[in-house]
Amino acid sequence: MIDLQELLPPLLRGLWVTLQLTAGAAVLAVPAALLAGLGRMSRRPYLSWPAACYVEVFRGTSALVQLFWVYYVLPLLGLRLPAVWAGILVLGLHTGAYGAEVVRGAIANVPRGQAEAAVALNMTPLATLWRILVPQAVPLMLPPAGNLLIELLKNTALVSLITITDLTFSAQLLRSETFRTVEVFSIALLMYFAAAQVLNGGMRLLERRAARHRERA
């Protein structure tokens, strides 16, 4: 019989760390995705080239290698980050690189006539972007953004390899102490699933609200 009083407390502590990492990385990923996505659409090379380099580097290399590079290589270059901050930085930038393509695709799918109408009204390019294009693109961004958020939650398991006591690391420690592999990892699996469903439900709620706002507009 599963002794929940023995197994749950350390796993819940690990889950709390996982949720903190997910939230911190998401806070970083959102502006990174927005800035990189808009930067890639710019006609100015000094904006488009750095954005393209950021997106291609983080999309084209392993998140695990990125995490090891920031945590183990940067100290050799004189910059040492705490493990938690290294995890948030890498996971946020990695997710933001994929999010940049979501932003770019959503804005590109806004009907071209909207931008042409803004030009006819003598709106500046910046005003057209923030007042016309971005608000209409947000509902298109939300479904893939929800998928990226759930992927971010799952990717937090990587930080267990740089000694952060997240849910995965807590499960590994508990398994080695109790030898109850099936019970420990089954509970951890259910915790990840439950957290993903909460995130999914939250994003679905945002999608419905954005759709209603778009219909009223």
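A nonpolar core, as I use it here, is a set of buried Ala, Val, Leu, Ile, Met, Phe, Trp, Tyr and Cys residues joined through side-chain atoms within 4.5 Å. Buried means under 20% relative accessible area, exposed over 50%, and partly exposed in between, with a 1.4 Å probe and protein chains only.

Ground rules next. This is a predicted model: local features need pLDDT of at least 70, side-chain atom pairs count only at pLDDT 80 or more, and totals for chains, interfaces and linings use all residues. Residues are numbered from 1 along each chain as its sequence is written, and side-chain values use heavy atoms, with hydrogens and water left out.

Confidence. pLDDT is the predictor's confidence in each residue, from 0 to 100. The protein chain has a mean of 88, and 93% of its residues reach 70 or more. Helices here are DSSP runs (H or I, at least four residues), numbered from the N terminus. Where pLDDT is low, the predicted coordinates should not be read in detail.

Now the cores. The largest one has 19 residues, and Leu152, Val159, Ile162 and Ile164 touch the most other members. Which helices each supply at least two residues of this core? H1 (4-41), H3 (63-73), H4 (83-108), H6 (125-155) and H8 (181-216). H4 gives the most, with 5 residues. A second, separate core has 13 residues, including Ala33, Ala106, Val134 and Ala137.

Contacts. Contact means heavy atoms within 4.5 Å. Beyond four places in sequence, Leu152 touches Thr22, Ala25, Ala26, Leu91 and Thr95.

Leu91 comes up again with Asn155. Asn155 sits in helix H6. It counts as buried because its relative accessibility is 18%. Asn155 and Leu91 are 64 residues apart along the chain, yet their C-alpha atoms are separated by 7.4 Å.

Over to Thr168, in helix H7, residues 167-178. Buried or exposed? Thr168 is buried, because its relative accessibility is 16%. Setting aside residues within four places, Thr168 contacts Ala157, Ser160 and Tyr192.

Last, Phe68, which lies in helix H3. Phe68 counts as partly exposed because its relative accessible area is 30%. Phe68, Tyr72 and Leu161 make a nonpolar surface patch of about 270 Å². Patch residues have over 30% relative accessible area and no salt bridge, with nonpolar side chains (Val, Leu, Ile, Met, Phe, Trp, Tyr) joined within 5 Å. A salt bridge is a side-chain nitrogen of Lys or Arg within 4 Å of a carboxyl oxygen of Asp or Glu. Areas come from the Shrake-Rupley method with a 1.4 Å probe.

How values were computed:
Patches are made of residues with over 30% relative accessible area and no salt bridge: like charges are joined within 9 Å, nonpolar side chains (Val, Leu, Ile, Met, Phe, Trp, Tyr) within 5 Å.
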